[in-house]
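Here is a set of questions and answers on one protein model. Look it over before reading on.

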Amino acid sequence: ANPLGSGALENAALLKYLPDIAMLLLGRVPRLETVKTYWAGDDADLAYITANIRTLIIKHAWRGSGNKSVYGGDLKEEQINNLLALVHRNRHQYVAQEKLEKSCTPSFNGTVLEPRPTLLRTFSVATDSSYTVLPGGLTRIGTKSDGQFISMQEGSPSKDTWVIASEP
């Protein structure tokens with residue numbers, strides 16, 4: 001179980017600073033890179049977001065119901081201008097992330113199998129001196145074949161994923 005207040009660590013703006021945080025707390029950067037994240041509260045990042053909004057996913061720094069991500073490439077000119085005005089007015093509340101290509105998995109849509117974008121969320125637990133990655137995780141799939149976003153807020157279904165052997 002997560003301790004009270006651990007949801008604060010899910011602030012997307014922290015992803016920008018994750019390597020520095022890890023270096024400070026652990027003495028090394030994470031072994032796996034995270035998606036490139038730009039926080040609108042930073043002047044240089046805001047300039048980058050403004051210039052590259054058509055290639056970025058814009059989201060609220062804090063997760064919450066009703067807070068949906070937007071891919072700039074899907075927006076018309078007026079929508080982009082409105083979104084940029086909102087981000088500039090509320091800079092500290094927004095982040096932008098590079099769009100990553102997602103893996104696909106066959107999914108049953110009720111009548112046939114079709115490819116759906118897929119994410120696997122893995123988990124680790126602390127040991128006395130390190131962390132242990134748990135076998136399996138949580139697999140979440142997109143609500144449609146060409147879906148941009150995979151999230152509970154978008155209605156994406158999820159299932160536990162089990163790894164039952166470490167070797168064939």
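Q: Which side chain meets Arg91 in a salt bridge?
A: This is a predicted model. In it, the side chain of Arg91 pairs at 2.6 Å, N to O. The partner is Asp43.

Q: How many residues apart in sequence are the parts that Arg91 and Asp43 tie together?
A: Arg91 sits in the loop between α3 (77–89) and β4 (94–98). Asp43 belongs to helix α2 (residues 43–52). The pair therefore ties together parts whose separation in sequence is 48 residues.

Q: Is Asp43 buried or exposed?
A: The cut-off for exposed is over 50% relative accessible area. Asp43 has 57%, so the residue counts as exposed.

Q: Which residue forms a salt bridge with Glu77?
A: The closest N and O atoms of this pair are 2.3 Å apart. Glu77 lies in helix α3, and the partner lies in the loop between α2 and β2 (56–60), so the pair ties together parts that are 23 residues apart in sequence. That partner is Arg54.

Q: What are the relative accessibilities of Glu77 and Arg54?
A: Partly exposed residues fall between the buried limit of 20% and the exposed limit of 50%. Glu77 counts as partly exposed, at 47%. Arg54 also counts as partly exposed, at 43%.

Q: Which residue pairs with Glu114 in a salt bridge, and how many salt bridges are counted?
A: The closest N and O atoms of the Glu114 pair are 2.7 Å apart. Both residues of the pair are buried. The partner is Arg116, and the count of salt bridges comes to 4.

Q: What is the volume of the second largest pocket?
A: The second largest pocket has 14 lining residues. Those nearest its centre are Leu15, Lys16, Pro19, Thr34 and Val35. Its volume is about 230 Å³.

Q: Which element gives the most to the lining of the second largest pocket?
A: Two elements, α1 (14–26) and β1 (37–39), each supply at least two lining residues. The top contributor gives 4 residues. That element is α1.

Q: How many residues of the lining of the second largest pocket are nonpolar?
A: The lining divides by residue type. There are 4 charged residues and 2 polar ones. The nonpolar residues number 8.

Q: What area does the nonpolar surface patch with Leu18 have?
A: Leu18 is found in helix α1. At 33% relative accessibility, Leu18 counts as partly exposed. The patch also takes in Leu9, Leu14, Ile21, Leu24, Leu25 and Leu26. Its area is about 710 Å².

Q: What distance separates the C-alpha atoms of Pro106 and Ile141?
A: Pro106 is in strand β5 (residues 103–108). Its relative accessibility is 61%, so Pro106 counts as exposed. Pro106 and Ile141 are 35 residues apart along the chain. Their C-alpha atoms are separated by 9.7 Å.

Q: How many helices and strands are in the protein?
A: Along the sequence, the pattern reads α-β-α-β-β-α-β-β-β-β-β-β-β. The totals are 3 helices and 10 strands.

Q: What share of the residues of the protein counts as buried?
A: The C-alpha atoms fill a box of roughly 50 × 50 × 30 Å, taken along the principal axes. Buried means under 20% relative accessible area. Of the 168 residues, the buried share is 27%.

Definitions and conventions. Residues numbered from 1 in each chain as written. Predicted model: local features only at pLDDT ≥ 70, side-chain atom pairs only at ≥ 80, totals over all residues. Heavy atoms only, no water. 1 Å grid on protein atoms, 1.4 Å probe; cavity = no way out; pocket = protein on both sides within 12 Å on 5 of 7 lines; lining within 4 Å. Points joined across faces, edges and corners; volume = space filled by probe spheres on them. Nonpolar A, V, L, I, M, F, W, Y, C, P; charged D, E, K, R; others polar. Patch = residues over 30% accessible without salt bridge, like charges linked within 9 Å, V, L, I, M, F, W, Y side chains within 5 Å. Areas by Shrake-Rupley, 256 points an atom, 1.4 Å probe, with all protein chains shown as cover. Buried < 20%, exposed > 50% of the residue type's maximum accessible area, 1.4 Å probe, protein only.
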